Amino acid sequence: MSRFPERHMIIVGGGASGVLLAYQLLQHPDSDVRVTLIEKRSEVGRGLAYHTGNADHLLNVRAANMSALPDDPDHFWRWLSTQAHAQPLCPDPFCFVPRRIYGDYIASLIAPFLAEEEGARRLTIIRSECVAVSEGRGGVTVSLADGTRQLGDTAVLATGHDAAIPRSAWHADPWISPSVPGFGKDATVLILGTGLTMADYVLSLLREGHRGPIVAISRRGLMAKAHRRISPCKISEDEVPFGANGSTLLRWFRQRIAAHVAEGGDWRGVIDAIRPFSHRLWHELSQASKRSFLEHARAWWDVHRHRMAPEVEERIARAISDGQLRVAAAKLVKIDGGTNGAQAHYRRRGRSEIETLEVGAVIDCTGIVRDPRATANPAVRSLFDQGLARCDPLRIGIEVAADCTVVGADGSPSQRLFAIGPLTRAAFWEIIAIPDIRSQCAALADRLLQARPIAVPPRDAPALAAAPDHQVAM
């Protein structure tokens, strides 16, 4: 074991990102840390993505690529093969299993650490909401909703996807069952967004026996493509035009796809082949090229890169064919109260006239919060309020350095505050899927286990206060 005293690392967020980091920190034979995982939900390892109990909600990545461990690519498939209830659902590694099952897998990673004897246990799970994080001379303070505080050497934000705040009384949460909001099964449902979250909500509506029309709109009306049984083509690192501007990179990419298709390949093989280079490609793009990508190309990239399971594609196509689901390129203008719900006023792409639709509910499936400072997450807000974090110039996430350290308002990286997962999309962009997050967590764990914090006042923050009498026992 390390000759240094045991260190205390606090992970804020017990979804997939937080659990993967906790596992990486604890599984190393020379680990000198104990970990506190803070999660407000009753279960860890699930977050928004894997908490669903709907068996129709499938992973959008095949089982063969969903190992939580970057150095053991078959880990999830081997685990799945031992689960009797999962075997009929997954006959081969290409299958797409229910997300609930994947949440079971993530939770299983830390089960051995929770089974350790009380006096020797290095993992503590606190089920509470983190309301503030601060950094001081000797460590970090994490404040919880119940008024208690945790003191540690390091804090890592792993808060995952930031769900959009309902914008009106007619907006329903896409992450809960359609039976909860209480709109009628014959009501018209308007869904904002036409991506993977939309597909999930349509499946939920169908499972609940919804009979009414479903209208999904987005700026371009694009839906996610589906997976096929193909393998990535081979692209070497020296072929990739790193550092090129956006238009040059797009031209190269289209030419590479055209050449691959001409040889009998599938465009999916090219997209999958550049995944190992995506972080570097994004990092070396200019701010102007990144901004142009977000404005003009992101929607097209998303529907080709983040694909749906073939089973989901089939059910969505059937709903469209039956006339129950209608997808349109349009923009919501406003919502007014209606006779039996609300009146949604929208404008189709390329038209000037406003159309009106009587709806029973509006479901916001547009994805990430557009402005990080508008987050509903109190822990992230506390960092902004203290100047311990700042938005990136494109306002798609908080700014972090290449080693995941949080960058403060003055531009200096923290000594003790880190972030992982979707919160770091500004630096890494492709950081919402397990194959990317698992590598990020492994790399950060290595960095944290090797480094020793410097006991200096970071960014002129106040000195860390002593632990109060009501601090949670660790």
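Predicted model: local features only at pLDDT ≥ 70, side-chain atom pairs only at ≥ 80, totals over all residues.
**Group meeting: disulfide, sheet and cores**

Let me begin with the cysteines, where the count comes to one disulfide, a disulfide being a pair of cysteine sulfur atoms within 2.5 Å. Residues are numbered from 1 along each chain as its sequence is written, and side-chain values use heavy atoms, with hydrogens and water left out.

The disulfide joins C90 to C95, with an S to S distance of 1.5 Å. C90 counts as buried because its relative accessibility is 7%, where buried means under 20% relative accessible area, exposed over 50%, and partly exposed in between, using a 1.4 Å probe and protein chains only. C95, at 8%, is also counted as buried. C391 is buried too, with a relative accessible area of 13%. C365 counts as buried at 5% relative accessibility, whereas C391 is in no disulfide, the nearest cysteine sulfur, that of C404, being 18 Å away.

Now to the sheet. Six strands form an open sheet in the order β3-β2-β1-β7-β16-β15, with mixed pairing; strands pair if DSSP finds at least two bridges between them, and helices (H or I, at least four residues) and strands (E, at least two) are DSSP runs numbered from the N terminus. At the edges are β3 (123-126) and β15 (405-407), each pairing on one side only. Strand β1 (residues 7-12) pairs with β2 (residues 33-38) in the parallel sense over six bridges, and V12 stands opposite I38 in β2. Helix α13 (residues 434-450) packs on this sheet, touching β1, β2, β7 (154-157), β15 and β16 (413-419).

That brings me to the interior. In soluble globular proteins, nonpolar side chains tend to be buried together. Here the largest nonpolar core has 75 residues, and those with the most contacts inside it are L25, F76 and Y102; such a core is a set of buried Ala, Val, Leu, Ile, Met, Phe, Trp, Tyr and Cys residues joined through side-chain atoms within 4.5 Å. Its largest share, eight residues, comes from helix α1 (residues 16-27). Apart from this core lies another, of 26 residues, including F96 and A216.

What does L25 touch, not counting residues up to four places away in sequence? Among its partners are M9, I11, V33, V35 and L448, a contact being heavy atoms within 4.5 Å.

Terms used
Axes fitted to C-alpha atoms, helices over the stretch in contact; angles between N-to-C directions.
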